[in-house]
Every structure is written in structure tokens, then in C-alpha cells.
Amino acid sequence: MERLRPVSDVWMWPENRAIPRGELLDRVRDAQGLYCMLTDGIDAELLAAAPRLAAVSQMAVGVDNVDLSACTERGIPVGHTPDVLTETTADTAFGLLIAAARRFREGMEDVLEGRWGEWDPAALLGRDLHGSTLGIVGLGRIGRAVARRAAGFRMRVLYNKRSRDHPAEERLGVEFRSFGALLAESDHVVVLTSLNSGTHGLIDRAALAMMKPTATLVNASRGQVVDTDALVEALSCGWIAAAGLDVTDPEPMPSSHRLVSLPNCLVVPHIGSATVRTRTLMAERAAENLVAALRGKQMPYCANPEVYG
Ligand code: GLV
Ligand code: GLV
């Protein structure tokens, strides 16, 4: 707000929850700039309701909630917040991996519910991370940051993405695999791809069936990359051993959902970038993008740079 006020009149949705759709559509009618969250659908309907809109700035790196081509067609740059959240989100993904593979949820539940009996040499046996093979689906900024962490655990790292990343192979020692080979060979799989038409439902029944029965699945990208019903089946039938999820489909995930009840499924509520420092940097970066656009300059972090082409 401090950065935006000097360049513009600012109205801010004052509540600590997503702005209701009707209110958003109403408020954008005269707006030239929009500072939004990943819970706001920036689609044809919204653009039609906002004839003066000239810039969209989202406080997140993922912009799957934004119709980028519709914005580009209207000449609207869309800002996002890469880089500042990379390391924090990689920490979260790695934390989920450790927690899921080593069964922290079941252990915590035993303690909380008074089931912590005598030390039992056979209780809560999980799977090791160190020395295992990690598969990373989507080797972007966050995926590479996870690969660096895995090196410290002496893991072998496989990756899959649309095209081979030779610099990453040289620098990080990661090995390319086809999607199927990665699933079959990995002891743990971390999903960090962005959500698009090619990755929607990517981790489906067939994919889960290819994984090892001892494998852990971590998703810190978008919930829709994983087929929820298939994951429930995989976790309850032993196709895979455990899952650690920062994102789900639907989101928020109701506590009554079958997925949440599974003891081998650990879910946290989309907190990948949630540290004081990183959320502050994201807020500033999103403001910086919007201020640049409102001043007629190029956004420094633009998700549809072709708009300037
Ligand atoms: C969070 O999910 C983000 O995309 O920044
Ligand atoms: C466990 O606490 C051990 O001492 O091995």
C-alpha cells in the first residue's frame, strides 16, 4: 500500500479472505490496475467487467488462475513473483518429503491421542531419504532448488520436464528420464510443475500405478496436477506408501474429505511460500510490478512478456 498510494488511488479489500466474485467484478469497473491473489479468477468475464484495466499484478508465482492469452490480447501485462519464493517453497517441499516418508503425521497423532507406548523397535518404520532416488517432475526454479537440497542428502536425482535441461544436468548432476521411467525408478517423487492443459491430471491412476509401493509423493505445485480420487485409491490400496501435499484439489480441502482421513497422507494448507520474509518480498515484488505498469514502464517480472513484443 505504501508503494502504490503515491502513484494511484487505491481501494483494498479489507478482509483476510478472498474477495467475493461479485464484489471483485463490481470493484474493477473503473480500475486501471489490479493487485490480485491466486484465488481470484482473472478471466474473460472479469476483463469484460473492467474496460479500463491496463495491468494485473498477482502476489504469487503461479498464474494458472489468470487467462494469460486473454490478457495479452487486451494488451494487459500480468505480473507475478518468481525467484523470491524459490528457496522457501523448496524448503516446504523438502519438509513434506521428510515428514511423509518418515510418517510424522502418524507419530504426532499417536502422541496427541495417548497412544505413545513403550519404545517399540518396529513402530512407525518409514523409508529413508538419504541414499535414495528422488524424481522431480518439473525442473524449474523450485525443482532445481529441491535438487540442491537432495544433494545434501546424497540422493540420486532424476527429473522430467518438456525438454532436457543440459545446464542443470551438468551443474546439479540430475539425470533426465521419461515420465514413466521416472515414476518407476524413483523412491520419492516431488511434483513441482506449473499447472497448464498439459499437466492437468498428470498424476492419474496410471501414473500412481507405475510408482513403487514404498514410494512417497509430494505435491507443492497446484492441486489439479494430481487426480485426487486416484490418489485416495493409491494411498488406501498401497500402490504408494505416503503423500505430502501443500496443495489439493479442491482447495481448501474439507476436513471431512477421504484424503484428509488417510493416516499416510499429510496435508498442509498451501503454505509453500509462507514465511515472514518471503511473503514480504512477494508483496513488494507485486507492488513493484504494478507501480512500473501504472507509470507506463515494463513490469520487471511479467508472466506474459509477449505483451510488450
Ligand atoms: C503459490 O502457490 C504461488 O504460486 O506463488
Ligand atoms: C535410539 O534412540 C537409539 O539410541 O538408537
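1. An oxygen atom of ligand 1 lies 2.7 Å from an N or O atom in the side chain of R222. This is a polar contact, that is, a pair of N or O atoms within 3.5 Å; within protein, one atom must be able to donate a hydrogen and the other to accept it, and residues adjacent in sequence count only if both atoms are side-chain atoms. The protein covers 86% of the 190 Å² of accessible area that ligand 1 has on its own; such areas come from the Shrake-Rupley method with a 1.4 Å probe, and for residues only the protein chains shown count as cover.

2. The model is predicted: local features need pLDDT of at least 70, side-chain atom pairs count only at pLDDT 80 or more, and totals for chains, interfaces and linings use all residues. Residues are numbered from 1 along each chain as its sequence is written, chains are lettered from A and ligands numbered from 1 in the order in which they are written, and side-chain values use heavy atoms, with hydrogens and water left out.

3. A polar backbone atom of G62 is 2.8 Å from an oxygen atom of the ligand, and a polar side-chain atom of H270 is 2.6 Å from an oxygen atom of the ligand.

4. Around ligand 1 stand L38, A60, V61, G62, L85, R222 and H270, where a residue is included if one of its heavy atoms lies within 4 Å. This shell consists of 4 nonpolar, 2 polar and 1 charged residues. Ala, Val, Leu, Ile, Met, Phe, Trp, Tyr, Cys and Pro count as nonpolar, Asp, Glu, Lys and Arg as charged, and the others, Gly among them, as polar.

5. S273 is found in the loop between β10 (265-267) and α12 (276-294); helices (H or I, at least four residues) and strands (E, at least two) are DSSP runs, numbered from the N terminus. S273 counts as buried because its relative accessibility is 9%; buried means under 20% relative accessible area, exposed over 50%, and partly exposed in between (1.4 Å probe, protein chains only). The side chains of S273 and R279 are joined by a polar contact of 2.9 Å.

6. An open sheet has 7 strands in the order β6-β5-β4-β7-β8-β9-β10, with parallel pairing; two strands pair if DSSP finds at least two bridges between them. β6 (175-176) and β10 are the edge strands, each pairing on one side only. Strand β5 (residues 156-160) runs parallel to β6 and is joined to it by 2 bridges.
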